[in-house]
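Here are my notes on the model you sent.

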Amino acid sequence: MNDDESKKKISDNPSTEEMKKLLPGLQALGSASDLLGRLGFKSDKLAGFKDKVDDMMKQADILDLPDRFNAAFGERGWIAVGGAMSVDVMKEALKLHGNGKPDEAEDVLVEWFTEDHIKLFAILRARRFHEAELRDDQLEEALKLYLEERYMAAVPLILIACDGFASDVAPVSPFEKDADLSCFDSITGHDTSLPALIKLITKGVRKSRDDEIEVPLRHGILHGRSLGYANKKVCAKAWLLMIALVDWAIDKSSEDERRREYEEKQSRTLSDDLRSLAKTRTDKQIIDAFEPYEKAGPFEEPLAPDGPEMAATEFLSGWKAKNYGKMGKVAVNLVNKPANKMAGELRLMAEYVELLDYEIRSIRYATVARCDVRIWARAQTLTKDVEGEFMLMLVRYNAEGNVAMPGDDGHWTVQQNCIHNIMNEKFA
C-alpha cells in the first residue's frame with residue numbers, strides 16, 4: 001500500500017464513492033419535484049417521491065460513519081466492519097463519545113454482542129471457510145462460556161479460534177508482522193479497521209501483570225502474561241476480532257470479482273443506483289424493525305414452498321423415509337456440492353440414527369434469517385431408543401452462500417448437526 005492509499009478514508013472506497021456521486025443527483029431530483037409542485041403540478045406520487053428523496057438525503061451521513069467510528073474508538077479496540085454492527089448502535093456510541101462519555105459509549109457497544117448477533121455474524125458466516133469441522137464446536141463452546149460470563153476461559157478460546165480461522169483463509173497469518181490485510185473496496189480491509197486492530201492487539205507484552213486490561217492482547221493472553229483480561233468488554237472485543245476476520249475473508253474471496261465489477265459499473269444508470277440504494281435501505285429497515293416471534297404447531301397444509309415449515313418438513317420426512325436426496329435439497333450446502341455428494345454425506349451421518357417418528361411443535365423466528373424449530377422425535381440408534389424434544393436450527397441463505405438479506409432471493413436450510421444431537425440425546 002502506497003502513502004496515498006494509506007491516507008484514504010473508508011468513504012473513499014469505490015462503492016461509497018459511487019453513492020456519494022448520487023447525492024447531487026438526488027438533490028436535483030428533489031428540487032425538480034419541488035419546483036413542479038410550485039408550478040401547479042400537484043399529485044400524491046410527486047409528494048411521495050419528494051419525501052423519499054428528503055429521507056435518503058438525511059441518511060447520507062452514514063457514508064462517513066465507519067471513518068468517524070474508527071477515529072473515535074479504534075485505539076480502544078473497536079472497529080467498523082461491513083454488514084455487521086447496527087448503524088444505530090454505532091451512532092449512539094458516537095453520540096455518547098461526543099458528549100464526553102466514552103466509557104458509556106463502550107458499554108453500548110458491548111451490549112450489542114448478544115447470542116443472536118454472535119451466532120449470525122461470527123459463527124454461521126464462518127462455516128463456509130472451515131477446513132476443520134471442530135472449528136464450529138470451538139466457537140459454540142466459546143459462545144457458551146461467554147453467555148455464562150466465564151470470560152477467563154472464553155477469551156483465550158476465541159483468540160485460538162481466530163488464529164485457526166485465519167490460517168484457514170490466508171496464505172500468511174494475519175498475526176504475522178507486516179502481514180498485508182488490505183482489501184479492495186472493503187470496510188474491514190481498510191487500513192483503519194482490521195489492520196489497525198491487529199496492530200493494537202499484537203503489541204508485545206514482556207512481563208506478567210494482573211492489572212485489568214480493556215483490549216484482548218493476543219500475545220500477552222495466549223502466552224500467559226496479560227492476566228487481567230477476564231471481563232465482558234475484552235471478550236466482546238475478541239468476538240469483534242472474529243467477526244472482522246470473517247468479514248475480511250468474505251471480502252477477500254470476492255476481491256478480484258469486485259475489481260472487475262467496479263470497472264463495469266461505469267455504465268450503470270442513475271436509476272440502477274437508486275434501486276440498489278433503496279434496497280439496502282429497505283433491508284436495513286426490515287432488520288432493525290424485526291421482533292422475534294413464535295408459531296405453535298401443528299402447521300396446516302399446504303405449507304408455503306419457501307417457508308421454514310416446508311424446509312423442516314422436507315428434511316425430517318426425507319430422513320424418516322431414508323430419502324437422503326430429499327434431505328440434501330434443504331440441508332446446509334454453502335459450497336454448492338452436487339446433489340449426489342450431499343446425499344452421500346447425509347447417508348453417512350444418519351446411517352446409525354433411524355428416525356421413526358417426529359412432530360414439529362413450534363417455530364421461533366429469531367432473526368430475519370434464522371429460525372429455531374422445536375420438534376418431538378423418536379429415533380433408534382445402534383445401542384438405544386431415543387425420544388424427546390430437540391431443536392433444529394434453520395438459516396436462510398442466498399445463492400452465493402451468504403446469509404440472505406430480506407430483499408434477497410433465498411432458501412431456508414436445516415443445520416445437519418440435529419442428527420448428532422438426536423443420536424447423543426441433546427434435548428432442547
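1. With which residue does glutamate 106 form a salt bridge, and how far apart are the closest N and O atoms? In this predicted model, the partner of glutamate 106 is arginine 76, and the closest N and O atoms are 2.4 Å apart. Glutamate 106 sits in helix H6 (residues 102–111), whereas arginine 76 belongs to the loop between helix H4 (65–73) and helix H5 (87–98), so the pair ties together parts that are 30 residues apart in sequence. Glutamate 106 counts as buried, at 0% relative accessibility. Arginine 76, at 25%, counts as partly exposed.

2. The pair should be read together with its surroundings. A network of salt bridges links Arg76, Asp103, Glu106, Glu214, Lys233 and Lys237. One of these residues, lysine 237, is found in helix H12 (residues 232–253). Lysine 237 has a relative accessible area of 1%; because buried means under 20%, this lysine is classed as buried. Leaving aside residues up to four places away in sequence, lysine 237 touches Arg76, Gly77, Trp78, Glu106, Glu214, Val215 and Pro216.

3. A second salt bridge joins aspartate 116 and arginine 370, with the closest N and O atoms 2.8 Å apart. This pair links distant parts of the chain: aspartate 116 is in helix H7 (residues 115–124) and arginine 370 in strand E5 (residues 370–381), 254 residues apart. Aspartate 116 counts as partly exposed at 22% relative accessibility, while arginine 370 is buried, with a relative accessible area of 6%.

4. A local pair can be set beside these two. Arginine 259 forms a salt bridge with glutamate 255, and the closest N and O atoms are 3.7 Å apart. Both residues lie in helix H13, four residues apart, about one turn of the helix. Arginine 259 is partly exposed, with a relative accessible area of 40%, and glutamate 255 counts as buried at 11%. In total, the structure holds 31 salt bridges.

5. Which residues form a negative surface patch? They are Glu257, Glu261, Glu263, Glu264 and Glu400. Among them, glutamate 263 has its place in helix H13 (residues 255–264). Glutamate 263 has a relative accessible area of 60%; since exposed means over 50%, this glutamate is classed as exposed.

6. Glycine 228 is a further site to look at. This residue lies in strand E2 (residues 226–228) and counts as buried at 12% relative accessibility. Not counting residues up to four places away in sequence, glycine 228 touches Arg209, Asp210, Asp211, Glu212 and Ile213. The C-alpha atoms of glycine 228 and arginine 209 are separated by 7.4 Å, and the two residues are 19 apart along the chain.

7. Some totals for the chain follow. The chain has 18 helices and seven strands. Of its 428 residues, 46% count as buried. Among contacts between residues at least 6 apart in sequence, 62% join residues at least 24 apart.

Terms used. Residues are numbered from 1 along each chain as its sequence is written. This is a predicted model: local features need pLDDT of at least 70, side-chain atom pairs count only at pLDDT 80 or more; totals for chains, interfaces and linings use all residues. Side-chain values use heavy atoms; hydrogens and water are left out. Patches are made of residues with over 30% relative accessible area and no salt bridge: like charges are joined within 9 Å, nonpolar side chains (Val, Leu, Ile, Met, Phe, Trp, Tyr) within 5 Å. Accessible areas come from the Shrake-Rupley method with a 1.4 Å probe; for residues, only the protein chains shown count as cover. A salt bridge is a side-chain nitrogen of Lys or Arg within 4 Å of a carboxyl oxygen of Asp or Glu. Lys and Arg count as positive and Asp and Glu as negative; His and the chain ends are not counted. The place of a charge is taken as NZ of Lys, CZ of Arg, CG of Asp or CD of Glu. Helices (H or I, at least four residues) and strands (E, at least two) are DSSP runs, numbered from the N terminus. Buried means under 20% relative accessible area, exposed over 50%, partly exposed in between (1.4 Å probe, protein chains only). Contact means heavy atoms within 4.5 Å.
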